[in-house]
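Subject: The structure I promised you

Hi there,

Here is the structure we talked about, for you to open and explore. My notes on what turned up follow below.

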Amino acid sequence: GRAQRQGQGQGQGHGQGQGQGLDLHEPAMDSPDEEPQDSASASSSSVSWSGKGPLGFRSPQNWRDWCHAALEARADGTAYEQALRERMVSFEVPDESYHSDHDLDQTPEFDIVRRTQAFEVQQHAEWLVGHTVAGDEAFRIAFQEGITAGELRDRVGHALGADAQAIAVISGGQPARDSSVVDIDSAVVRRTTERPAVFVCCWHGLTAEEKQDWPDFYMQGYVYYPGVLDNVLPRDELFQACLETKKFVTREAEDANDPQLCWHVYSKDSAFVVQAGYCSMYPVGLLPPQLAWPLPAGGRQWGGPRCDVWSASIDLPDVRRVLDAHAALTNDRPLPRYQMVVDPNRFARKDKKREGTVWVPCEFDVDADGSARLVGGSRSHEFPVVAQRAATPVLEAALPLLARLDRPRLLLDGRRTQAVFKAQRILVPPAAGEGADSEYVGLWHVDGHREHVAAVVLYYYNVDPALQGGDMEFCGKELMDCIG
């Protein structure tokens, strides 16, 4: 998701690893397909709301007034807010009376939205063709005698541009094991997608009386009383938020196993959690999943639907040639084992609002077809040719993965995106003997100190086959006492 993404890697043996990173920003210009997953977004530009559930609303009338006021107030807001307004599905609040029944059973549909689609598989000559229930062709792959369920799942996932883990193969009316041969005459393929419901919200601040009733409490990214929201949330601006249930170790014994409904808030420069029952945030609509370009072969999600980590194996040979040639020219080696190929600190400026130096991003126009174009010509970067031939193809290859992130949900197609890119080389010496220093262990870190980083892309363009290990570890901004 946001700037909380962190990583650690370790390699043993002799060799070198080289990588390029992109830090994607919400446009600071303040300037700056998957089908819809709920029927409301597919059929209309608004969705009705019952007014029930523990969302912190005082009444439907009160909420309707705030929604109207929020959208009117932000009609000439930032470019990001205008993009949210254009893409969100607005709420229609009914006039029925409000009852503050805080029943957690009323809220599952606002946690993870699941959508299942079935495809009937038929053989046509040398092809296996999948059709939707409506009879439309969804995919076509080459027929293979004796194809196993695992092979069929992987190939259908590739053809649909979907995570193969979300594909299930049904043969003879039963789920098929990966190693079993599929009976094509009775085969059905099911694709299940899971995405969180993402709300577009507004915070209007507390009255003087409310500030006295609710003292501030803020710890480890968690807001217990909403008085602190005046300090961490921009007032009257639109932002994204997800609604989830959490369990906390530090609750009293009788409440420790009771799930607490919480907002996960993603504003422009912060990400935190606030308990829903104590917060009068006002959702004004839902943000449907954006245009999803087909996943590269082997593309997959890690950690389940609540984890914003995706990966794919993509070969961009020209990127390595460009960066190797540039590394030979600059020879920037601040440490014996470390070479900075492209250093973003060389392309920075003073920012009075953020009280320090910030990286200057490149800007890319992203089209609806998934292509990216570097703008600015010779002024786009200190090394514009390197940016054009290395950063642009990496960003373009990563767009299908970025379009599947939900925390926050990025607005990519048809917009200008800002990205900072860096490239580095790390050398690991051979294990000459026992006790030899032949390891590299990365440090836990957050990308971007003063920048509004919304997502991070890592591309390893050269990994020596002699290296062992190298797995990445990620740590989200969950609470220290959160167990669920």
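Let's begin with Leu128, which counts as buried because its relative accessibility is 0% (buried is under 20% relative accessible area, exposed is over 50%, and partly exposed is in between, with a 1.4 Å probe and protein chains only). Leu128 belongs to strand S6; helices (H or I, at least four residues) and strands (E, at least two) are DSSP runs numbered from the N terminus. Between the C-alpha atoms of Leu128 and Phe139 there are 8.3 Å, and along the sequence the two are eleven residues apart. Contact here means heavy atoms within 4.5 Å. Apart from neighbours within four places in sequence, Leu128 has contacts that include Val121, Phe139, Ile141, Leu152 and Ile184.

Before going further, please keep in mind that this is a predicted model: local features need pLDDT of at least 70, side-chain atom pairs count only at pLDDT 80 or more, and totals for chains, interfaces and linings use all residues. Residues are numbered from 1 along each chain as its sequence is written, and side-chain values use heavy atoms, with hydrogens and water left out.

How confident is the predictor? pLDDT is its confidence in each residue, from 0 to 100. The chain has a mean pLDDT of 76, with 69% of its residues at 70 or more. Two stretches call for caution. Over residues 27-60 pLDDT stays under 50, and the model has 90 contacts beyond four places in sequence for them. Over residues 216-224 pLDDT also stays under 50, and there the model has 32 such contacts.

In the loop between S5 and S6 you will find Ala125, which counts as exposed because its relative accessibility is 62%. Its phi is near 55°, a positive value in a residue other than glycine. Most residues other than glycine have a negative phi, and most peptide bonds are trans.

Helix H4 spans residues 149-160, twelve in number, and reaches 16 Å from its first C-alpha to its last, close to the 16 Å expected at 1.5 Å a residue (the expected span is 1.5 Å times one less than the number of residues). Which residues of H4 are buried? They are Ala149, Gly150, Leu152, Arg153, Val156, Gly157 and Leu160. They lie on the same side of H4 because they cover an arc of only 160° around the axis, the arc being that of the directions from the helix axis to the C-beta atoms. Strands S5 (112-124), S6 (127-131), S7 (137-142), S8 (167-171) and S10 (187-196) are among what covers these buried residues. After H4 comes Gly161, with a positive phi near 65°.

Helix H7 has 14 residues and reaches 21 Å from first C-alpha to last, close to the expected 20 Å at 1.5 Å a residue. Its buried residues are Val319, Val322, Leu323, His326 and Ala327. Their arc around the axis is only 135°, which puts them on the same side of H7. Turned away from that buried side is a face with the exposed residues Arg321 and Ala328. Just after H7, Asn331 takes a positive phi of about 45°.

Asn331 sits in the loop between H7 (317-330) and strand S20 (338-342), and Arg333 lies in the loop between H7 and S20 too. Arg333 is partly exposed, with a relative accessible area of 39%. Although Arg333 and Gln424 are 91 residues apart along the chain, 9.8 Å separates their C-alpha atoms. Beyond its neighbours within four places in sequence, Arg333 is in contact with Tyr338, Gln339, Arg425 and Leu427.

Two other loops are worth a look. Pro408 lies in the loop between helix H8 (384-402) and S25, and the peptide bond from Arg407 to Pro408 is cis, with omega near 0°. Gly448 lies in the loop between strands S26 (439-441) and S27 (453-463), and is buried, with a relative accessible area of 17%. Gly448 and Val358 are 90 residues apart in sequence but 8.6 Å apart in space, C-alpha to C-alpha. Leaving aside neighbours within four places in sequence, Gly448 is in contact with Trp359 and Val453.

Enjoy exploring, and write back with any questions!

Best wishes

Technical notes:
pLDDT = per-residue confidence, 0-100.
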